[in-house]
Amino acid sequence: MILIHCPYCEQDRPEIEFTYGGQAHIARPHDPAALTDREWETYLYIRANPRGLHAERWRHIHGCARFFNAVRDTVTDRFTVTYKTGEARPDGGVA
Amino acid sequence: MLEIAPLAKSGADLAVGTKPHIGAIIGRPVTLSPAAPHSRWSLRARDPALLGSALGRALPDRIGTVLDGIARLGPDEWYALLEAGTALPVLTGLPVSVVDVSARALGFTVSGEGARLALERGCPLDLARLAPGSATRTVFETVEIQVWPTAPDAFHIEVWRSFAPWLWHALAEAIV
């Protein structure tokens, strides 16, 4: 069983309490009407698929119910860091 | 000769027990009993100080702790488990939410030397680190529950009403 550190509860909690929420740090465009079709497609559908560290959203749905961000290695499934929504990615990575 | 076992009970046949179910798990006694009726309230607010002053009650600071029957479940969410009949004030014009959810959940009490073992049958949380004075939402198998330790070997379990018959039977099965 994987333990995930919830940055709001400040505890390591079992993975089964969490749900995955897709890639993190994707900001919704302020004015979607001003975007070209290509830019809108990129916002909606184009996602990173790295082999290695990946910043993603998780939700502690059966706990504090909050979304937060996590950096997870897609090869080893290890979480390197979790941090609150709105905070910058602590390890400075991009994917 | 081939014997066919009777079909398993359907979910509709299950009911929450009205009397304590007494048993043991790995030789340690456990009692599962329905809890007394409670008054339950869901409290939401971005500003804890505003909610506390509007209710005229102190609220627990840390997520996962309990103060005077109110548990902090998340950054902006509290859950009040109070004596039946206790009413909280009706608030208007404030950016807070105080909702009576008394009919939403049922309470069970799991107590005895093997109480923690019985819950560990379906709950992946490290219950040994959950001391009286704390409370948290978690899961039992796939059912969402709240665990409120009331003593080192006694737990109050909150479960949504529609899941309660299944949870009762799952726990009763664990403490044959």
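This passage walks through a predicted model of two chains, from their overall make-up to their contacts.

The C-alpha trace of chain A spans about 45 × 30 × 20 Å along its principal axes. Of its 95 residues, 19% count as buried. When contacts in chain A between residues at least 6 apart in sequence are considered, 52% of them join residues at least 24 apart.

Chain B has 176 residues, of which 31% count as buried. Three helices and eleven strands make up its secondary structure, and from the N terminus on they run β-β-β-α-β-β-β-β-β-α-β-β-β-α. Along its principal axes, the C-alpha trace of chain B spans about 75 × 30 × 25 Å. Among the contacts in chain B with a separation of 6 or more, residues 24 or more positions apart account for 61%.

The two chains also meet one another. Twelve residues of chain A are in contact with 13 residues of chain B. On the chain A side of this meeting place, seven residues are nonpolar, two are polar and three are charged.

Within chain B, the domain assignment gives two parts: domain 1, made of 22–36 + 104–174, and domain 2, covering 38–100. The centres of these two domains of chain B, taken over C-alpha atoms, are separated by 23 Å. Eleven residues of domain 1 of chain B are in contact with ten residues of domain 2 of chain B. On the domain 1 side, the elements that give two or more residues are strand E8 (105–111), strand E9 (136–140) and strand E10 (143–151) of chain B. By class, that side of domain 1 of chain B has four nonpolar, five polar and two charged residues.

The largest one holds 50 residues, and B:Ala71, B:Trp78, B:Val110 and B:Ala118 touch the most other members. Both domain 1 (22–36 + 104–174) and domain 2 (38–100) of chain B give residues to this core, so the core lies between them.

Turning to the strands, an open sheet of five has the order E4-E5-E6-E3-E7 in chain B, with antiparallel pairing. Strand E4 (66–67) and strand E7 (96–100) of chain B stand at the edges with a single partner strand each, so one side of each is left without a neighbour in the sheet. Strand E3 (residues 38–45) of chain B pairs with strand E6 (residues 77–83) of chain B in the antiparallel sense, over seven bridges. Along this pairing, B:Ser42 has B:Tyr79 in E6(B) as its bridge partner, while B:Arg40 stands opposite B:Leu81 in E6(B). E3(B) is also joined to E7(B) by five bridges, and these two strands run antiparallel. Here the bridge partner of B:Trp41 is B:Asp100 in E7(B). Helix H1 (residues 48–55) of chain B lies across E3 and E7 of chain B and runs at about 140° to E3(B).

B:Gly133 is found in the loop between helix H2 (115–120) and E9 of chain B. B:Gly133 is partly exposed, with 14 other C-beta atoms within 10 Å. Leaving aside neighbours within four places in sequence, B:Gly133 is in contact with B:Thr65 and B:Val66.

Key: Residues are numbered from 1 along each chain as its sequence is written. Chains are lettered from A and ligands numbered from 1 in the order in which they are written. This is a predicted model: local features need pLDDT of at least 70, side-chain atom pairs count only at pLDDT 80 or more; totals for chains, interfaces and linings use all residues. Two residues are in contact if their C-beta atoms, placed from the backbone, lie within 7 Å. Ala, Val, Leu, Ile, Met, Phe, Trp, Tyr, Cys and Pro count as nonpolar, Asp, Glu, Lys and Arg as charged, and the others, Gly among them, as polar. A nonpolar core is a set of buried Ala, Val, Leu, Ile, Met, Phe, Trp, Tyr and Cys residues joined through C-beta atoms within 7 Å. A residue is buried if 20 or more other C-beta atoms lie within 10 Å of its own, exposed if 12 or fewer, and partly exposed in between; C-beta atoms are placed from the backbone. Domain bounds come from an automatic or database domain assignment. Helices (H or I, at least four residues) and strands (E, at least two) are DSSP runs, numbered from the N terminus. Two strands pair if DSSP finds at least two bridges between them. Axes are lines fitted to C-alpha atoms, for helices over the stretch in contact, and angles run from 0 to 180 degrees between N-to-C directions.
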